[in-house]
Amino acid sequence: MTRRTVLQVIPDLDTGGAERTTVDVARALVAAGHRAIVASRGGRLVAELEAAGGEHVTLPVGRKSPIAIWRNAGTLARLARAEGVDLIHARSRAPAWSALIAARRLDLAFVTTYHGIYNQTNALKGLYNSVMARGDAVIANSRYTAALIAERHPFATDRLTVIHRGSDLAALDPASVSPERRQALADAWGLQAGERVILNLARLTPWKGQTVLIDALVRLAASGEAPAGWTAILAGDPQGREAYVAELNWRIANAGLGNRVRLVGHCADVAAALALADVAVVASIEPEAFGRAAVEAQAAGVPVVATNLGAVPETVLAPPDVAEDQRTGWRVPANDAAALARTLSEMLALAPQNRAALAARARAHVRRDFTVEAMCGATLAVYERLLGAGLSPDDPGAAASRRSESG
């Protein structure tokens, strides 16, 4: 692909799968000789973006009011014109409406990625969500998400591409995590040598199921069946949900688990966290569009249990979909604390040889289907297809075609 300038727009660059993907794609663009610009409110990942050679422009593109969306459209159009942008890639709904308007004003290629399972309870919400299906190319982060898009927005079916979220296998390999990094995190979390760690990496929000996990841990502690000496770490940013944090702390204290279950806040070193973990838990009670935490646990060789919703059957292989000797993790029903407790007990009791075999299968599964290299390569191929011969932003016929296809 001729050297291009790609502008990605996302509400912020703080934490989460969409944000991480934005930085990964920017890094891949720069490595391939292109220019990568990201417009967002900012956040923890800006420094990493800039270290990778990307550029950040601070803009409040996440604002949802019609007036703010219209104003942001003008700002993005001016930015795109001034910086010679060839393609705009939107990764969230409010920024996508602004980006769509800007792209159409300038006859630029427009890409969207459907990162989440957006609530759609009425026609107005459906219209708002539909912007994520109005790209010249529409990327779904799983087959589950693609089926949802096709059901909600059939006009986009012929522009759909499934690109699974990719993980950095080298960074997540426990061998790449130094003893100093492990010890620093263990000290920060108050872990003692020999403690078995049950890890939940998820932002603190009710749909991520932390209350179900705590109920399961109560059952686990009371059963007497699980190996002794376990500690549960719930690592995630509450993002201002102080009432929810208070509820979780109350549940933990009321169950007498204050010395065994800890809320530790945001974790910046995911690889070190997984290197300390004996078991990883994804307890979501609503469908995951992809489920990055489950994939990263498998990449790190950590046994994982996830609720059987959304894209989890794609990311975690388990009976009855595969034979027992092909299992890469466990799946349990959502909102079922008893099933989760039983599964945690089974996982903690894994014999070393069985754990090693499971880890090898899980890593092979991720290596085959969910690498960051494959994700970035497929994304850049989408860009190249849109910007190739006959699809130049300077080609009026191509621009008219894009407008027609976007519905």
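Colleague: Why is Tyr 114 called buried?

Modeller: Buried means under 20% relative accessible area, exposed means over 50%, and partly exposed lies in between, with a 1.4 Å probe and protein chains only. Tyr 114 has 0%, so it is buried. This is a predicted model, in which local features need pLDDT of at least 70 and side-chain atom pairs count only at pLDDT 80 or more, while totals for chains, interfaces and linings use all residues. Residues are numbered from 1 along each chain as its sequence is written, and side-chain values use heavy atoms, leaving out hydrogens and water.

Colleague: How many aromatic pairs are there?

Modeller: Rings of Phe, Tyr and Trp (its six-membered ring) pair if their centres lie within 6.5 Å; planes under 30 degrees apart are stacked, over 60 edge-to-face, and the rest tilted. The count is two aromatic pairs. In one of them, Tyr 114 and Tyr 118 have ring centres 4.8 Å apart and planes at 50 degrees, which is a tilted pair. Tyr 118 has a relative accessible area of 10%, so it is buried.

Colleague: What makes the pair of Phe 290 and Phe 370 edge-to-face?

Modeller: The angle between the planes is 65 degrees, at 5.7 Å centre to centre. This pair links distant parts of the chain, 80 residues apart: Phe 290 is in the loop between strand 11 (279-282) and helix 12 (292-299), and Phe 370 is in the loop between helix 15 (352-369) and helix 16 (372-387). Here helices (H or I, at least four residues) and strands (E, at least two) are DSSP runs, numbered from the N terminus. Phe 290 is at 4% relative accessibility, so it counts as buried, and Phe 370, at 1%, is buried.

Colleague: Why is Asp 107 called partly exposed?

Modeller: Its relative accessible area is 26%, so Asp 107 falls in the middle class. Asp 107 lies in the loop between helix 4 (93-106) and strand 5 (109-114). Its phi is near 55 degrees, a positive value in a residue other than glycine.

Colleague: Is Asn 335 buried or exposed?

Modeller: Asn 335 has 53% relative accessibility, so it counts as exposed. Asn 335 lies in the loop between strand 13 and helix 14 (337-348), and its phi is positive, about 65 degrees, although it is not a glycine.

Colleague: What makes the charge of Arg 260 sit over the ring of Trp 230?

Modeller: The rule asks for NZ of Lys or CZ of Arg within 6 Å of the ring centre and within 35 degrees of the ring normal. The charged end of Arg 260 is 3.9 Å from the centre of the Trp 230 ring and sits over it. Arg 105 lies over the face of Trp 70, at 4.9 Å from the ring centre.

Colleague: How do you know that strand 8 and strand 9 pair?

Modeller: Two strands pair if DSSP finds at least two bridges between them. Strand 8 (residues 196-201) and strand 9 (residues 230-235) have six bridges, in the parallel sense. Leu 201 stands opposite Ala 235 in strand 9. Strand 8 also pairs with strand 11 in the parallel sense, over two bridges.

Colleague: What shows that the radius of gyration agrees with a compact globule?

Modeller: The radius is taken over C-alpha atoms, and the globule rule is 2.2 Å times the number of residues to the power 0.38. For 407 residues a compact globule would be near 22 Å, and the protein chain has 22 Å, so the value agrees.
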